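Here is a short briefing on one protein chain. Keep the sequence and the 3D view side by side as you read.

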Amino acid sequence: MPKKSKKSKIIDSFFLNAATKLAQLDSSEDSDSTHEELLDNLIEISKYRFGSITRVPKQKVWRNEVLPQYDEMRFRQVTRVSYQQFDVILNLISEDWIFHTSLKQLSVATQLAIALFRFGISGTGASVHNTARLFGTGDGSTIIRITRRIIKALLRLKCRFIYWPNEEERNEIVAETFQYLPRCIGWIYGTKIPLHEAPVTNKDSYYDKDKVKHFANIGINSINDFRITAFKYKLFVITIRRFVTM
């Protein structure tokens, strides 16, 4: 049997340590933290080759000093939300457990800005390397893990904001819109969200069947009231539009 290198032994120890932690855990929340720690360790050890280390120069001036000084219009161009909306979202997710694990993380505000920036762009502009250079972070899995954290934190809030209206709320909606669409409490609306790249599994299903296959996308259907408040939503490949009546 060939002799293992020191690097291979270190990698084995990372996996053994992670497996031991996972075997002792009871909650999926803690398992996410363990997986992230393992990934961080593997990324760090992958930087070493033949005794040398490759470090990527990073700048934090833009994210820490320039972005916060942008006026409302330029800030919205980057994050797709206003300063006030950004603060509201930040306050809602800042206490989520995913940002308070044993792993070293960027501030929640920085992670939110990174995720919102990626949500608002597509194509090569949404690439991990471009985002990492702009925000001065690692260009390995850092950006992907930050985006996933924000998505998970936001999804845990969905039942707080997306719910079917009760009888009193339905009557209020009908009263407000009776002259336009009698006895309608909501409208099902569909749109398409372009994807940076098609998923590996069934990738052809994510291309527009009515037009030339120039970008991958996923459809989203939502039921909204006249205030554009969503009751329900679901992801589809095909979108539809119809009325929902009482």
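The protein chain has ten helices and six strands. The model is predicted. Buried residues account for 30% of its 246 residues. The points below go topic by topic.

**Confidence**

- The mean pLDDT of the protein chain is 78. A score of at least 70 is reached by 75% of the residues.
- Confidence is highest in helix 5, at 96. Confidence is lowest in strand 6 (residues 242-245), where the mean is 45.
- Residues 236-246 have a pLDDT below 50. Beyond near neighbours in sequence, this stretch still has 38 contacts in the model.
- Where pLDDT is low, the predicted coordinates should not be read in detail.

**Surface and contacts of the chain**

- The accessible surface of the protein chain is about 16500 Å². Carbon and sulfur atoms supply 56% of that surface.
- Take the contacts between residues at least 6 apart in sequence. Of these, 55% join residues at least 24 apart.

- Helix 4 covers residues 72-79. Its buried residues are F75, V78 and T79.
- Why do the buried residues line one face of helix 4? Seen down the helix axis, they fall within an arc of 80 degrees, so they share that face.
- What do the buried residues of helix 4 pack against? Their partners are helix 3 (61-66), helix 5 (83-93) and helix 6 (108-119).
- R80 has a relative accessible area of 42%, so it is partly exposed.

- Most residues other than glycine have a negative phi, and most peptide bonds are trans.
- The phi of R80 is positive, near 70 degrees, and R80 is not a glycine.
- R183 also has a positive phi, near 60 degrees, and is a residue other than glycine.
- Where is R183 found? R183 lies in the loop between helix 10 (167-177) and strand 3 (184-194).
- R183 is partly exposed because its relative accessibility is 46%.

**Salt bridges**

- How many salt bridges does the structure hold? There are two.
- D71 is partly exposed, at a relative accessible area of 37%. R74 is partly exposed too, at 40% relative accessibility.
- Another salt bridge joins the side chains of R156 and D96, at 2.9 Å from N to O.
- The pair R156 and D96 links distant parts of the chain, 60 residues apart. R156 is in the loop between helix 8 (142-155) and helix 9 (158-161). D96 is in the loop between helix 5 and helix 6.
- Is D96 buried or exposed? D96 has 13% relative accessibility, and buried means under 20%, so D96 counts as buried.
- R156 has 42% relative accessibility, so it counts as partly exposed.

- R149 is found in helix 8. Its relative accessible area is 3%, so it is buried.
- Which residues are in contact with R149, leaving aside its neighbours within four places in sequence? They are E36, I98, F99, Q105 and Q111.

**Cysteines**

- How many disulfides does a search of the whole structure find? The search finds zero.
- C159 has 63% relative accessibility, and exposed means over 50%, so C159 counts as exposed.
- C184 has 5% relative accessibility, so C184 counts as buried.

- I220 belongs to strand 4 (residues 217-224). At a relative accessible area of 21%, I220 is partly exposed.
- I220 and G190 are 30 residues apart along the chain. Their C-alpha atoms are separated by 5.6 Å.

Technical notes:
Residues are numbered from 1 along each chain as its sequence is written. Side-chain values use heavy atoms; hydrogens and water are left out. Buried means under 20% relative accessible area, exposed over 50%, partly exposed in between (1.4 Å probe, protein chains only). Helices (H or I, at least four residues) and strands (E, at least two) are DSSP runs, numbered from the N terminus. The arc is that of the directions from the helix axis to the C-beta atoms. Contact means heavy atoms within 4.5 Å. A disulfide is a pair of cysteine sulfur atoms within 2.5 Å. A salt bridge is a side-chain nitrogen of Lys or Arg within 4 Å of a carboxyl oxygen of Asp or Glu. pLDDT is the predictor's confidence in each residue, from 0 to 100. Accessible areas come from the Shrake-Rupley method with a 1.4 Å probe; for residues, only the protein chains shown count as cover.
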